[in-house]
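This briefing covers core packing, a pair of helices and one further residue. Please keep the structure open while reading.

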Amino acid sequence: MKNGSAPLRPLREHVADSLAHYLGQLNGHAPCDLYQIVLDQVEAPLLQAVLEYSEGNQSRAAEILGLNRGTLRKKLKAHGLHQ
């Protein structure tokens, strides 16, 4: 903890909070293909954030993500994030 800042919450807690909020707004309606919805909503911002963190270095971004560079490039293209 630095300069009185709050301790870092695990990412899974943020995801759990977001999913609980999303499901709570469905007013009893059952979501369809929730797994694919989550993947579609999370993958693009994840790739974008890691690219920014790696200052656009795709090799470094792929390493951070645990992907090979070719897979990263294919995912970037699929999400319209290719550079």
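Which residues does V50 touch, leaving aside those up to four places away in sequence? In this predicted model, V50 touches A61, I64 and L65 once residues up to four places away in sequence are not counted.

**Nonpolar core**
- V50 also belongs to the largest nonpolar core, which has 8 residues and is made up of L47, V50, L51, A61, A62, L72, L76 and L81.
- Two or more residues of this core are given by each of helix 2 (34-53), helix 3 (58-65) and helix 4 (69-78), and the largest share, 3 residues, comes from helix 2.
- As general background, nonpolar side chains in soluble globular proteins tend to be buried together.

**Helix 2 and helix 4**
- The axes of helix 2 and helix 4 come within 10 Å and cross at roughly 120 degrees, which means that helix 2 is oblique to helix 4.
- The crossing of these two helices, helix 2 and helix 4, is left-handed.
- On the side of helix 2 the residues that take part are E43, L47 and L51, and they meet L72, K75 and L76 in helix 4.
- Sorted by class, the contact of helix 2 with helix 4 has 4 nonpolar residues, 2 charged residues and no polar ones.

**S59 in helix 3**
- S59 has its place in helix 3 and, because its relative accessibility is 43%, it counts as partly exposed.
- Although S59 and R73 are 14 residues apart in sequence, their C-alpha atoms are 9.7 Å apart in space.

Notes. Residues numbered from 1 in each chain as written. Predicted model: local features only at pLDDT ≥ 70, side-chain atom pairs only at ≥ 80, totals over all residues. Heavy atoms only, no water. Core = buried A, V, L, I, M, F, W, Y, C linked by side-chain atoms within 4.5 Å. Buried < 20%, exposed > 50% of the residue type's maximum accessible area, 1.4 Å probe, protein only. Helix = DSSP H or I, 4+ residues; strand = E, 2+ residues; numbered from the N terminus. Contact = heavy atoms within 4.5 Å. Axes fitted to C-alpha atoms, helices over the stretch in contact; angles between N-to-C directions. Parallel < 35°, antiparallel > 145°, perpendicular 65-115°, else oblique. Left-handed = near helix turned anticlockwise from the far one by under 90°. Nonpolar A, V, L, I, M, F, W, Y, C, P; charged D, E, K, R; others polar.
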